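Below are my notes on the model you sent.

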Amino acid sequence: MKSILMSVILSIIIAVPVFAKQNINVIINGEKQYTKEYNINFNKNDIIPFSVRHIAEKLGYHVHFNNDTNTLYIIENSRILYENETLGIGFIAPDECKNNYYKILENEYDNYTVIQFLDAEMDMLIFSFAYIDLEYWDDEMKESFSIPYSEIFKNNDTLLLSVSVSDVQYDTNDTEQKNRYLKLLHFKQKICDNIYTFQY
């Protein structure tokens with residue numbers, strides 16, 4: 001399926017009139033396929049994203065374009081763990097991770113949004129993400145933020161943090177709970193590596 005889709009995309013790109021040379025990154029299901037220079041102007045108003053979108057969606061894929069990074073994301077619908085069009089971010093499930101492993105909760109506040117990944121069976125918190133207004137983070141939160149975190153990305157306006165759990169979420173005497181917790185926590189870094197950003 002990938003090779004068919006890539007052939008279709010390439011034929012569309014090559015057939016488009018020349019505007020300006022740009023390097024375009026093509027990422028399918030979180031895996032970078034290639035970067036190549038094309039004589040096109042890829043942005044949300046041009047014909048290419050919509051042509052690719054139409055074909056990819058017919059083949060069961062979801063399509064997003066990030067104009068800031070010139071990156072085209074093509075994702076199987078079943079691989080999308082979470083997506084927020086307002087924030088312009090989404091998470092792709094690793095190959096060995098199933099969507100039903102997690103229950104994902106979203107809590108919106110005035111200056112930030114918290115996205116919690118919980119075990120769908122036991123309802124224990126595994127990890128979280130915080131999407132924060134950068135000015136609010138610098139002025140109000142950063143100095144007093146005591147929970148362990150790592151920065152996933154930052155632009156001029158916003159910041160995305162991966163936030164660790166501050167206390168043990170399972171019964172330490174329950175080996176099954178502990179193993180399940182560690183299994184779901186194991187996917188955290190792969191999910192962080194496969195975050196995609198886009199604009200509407």
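1. Cys192 is buried, at a relative accessible area of 10%; buried means under 20% relative accessible area, exposed over 50%, and partly exposed in between, with a 1.4 Å probe and protein chains only. Cys97 is also buried, at 6%. The number of disulfides is zero, where a disulfide is a pair of cysteine sulfur atoms within 2.5 Å.

2. On sources: this is a predicted model, in which local features need pLDDT of at least 70 and side-chain atom pairs count only at pLDDT 80 or more, while totals for chains, interfaces and linings use all residues. Residues are numbered from 1 along each chain as its sequence is written, and side-chain values use heavy atoms, with hydrogens and water left out.

3. The protein chain has five helices and 12 strands. These are DSSP runs numbered from the N terminus: helices are H or I with at least four residues, strands E with at least two. Of the 200 residues, 45% are buried. Among contacts with a separation of 6 or more, 49% are between residues 24 or more positions apart; a contact means heavy atoms within 4.5 Å.

4. Strand β8 has six of its eight residues buried, so the rest of the structure largely encloses it. Strand β7 (residues 102–108) pairs with β8 in the antiparallel sense over seven bridges; pairing requires that DSSP finds at least two bridges between two strands. Leu105 stands opposite Gln116 in β8. Three residues lie between β7 and β8 in their hairpin.

5. On the other pairing, β8 and β9 run antiparallel and are joined by seven bridges. Their hairpin has five residues between the strands, and Asp123 there takes a positive phi near 65°.

6. The structure holds 18 aromatic pairs. Rings of Phe, Tyr and Trp (its six-membered ring) pair if their centres lie within 6.5 Å; planes under 30 degrees apart are stacked, over 60 edge-to-face, and the rest tilted. Phe117 and Phe127 are stacked, at 4.8 Å centre to centre and 20° between the planes. Phe117 lies in β8 (residues 112–119) and Phe127 in β9 (residues 125–133), 10 residues apart. Both are buried, and Phe117 stands opposite Phe127 in the strand pairing.

7. Phe145 and Tyr149 form an edge-to-face pair, because their ring centres are 5.5 Å apart and their planes at 75°. Phe145 is partly exposed at 22% relative accessible area, and Tyr149 is partly exposed at 35%.

8. Ring pairs also link Tyr82, Phe91, Tyr102, Phe117, Phe127 and Phe129 into a cluster.
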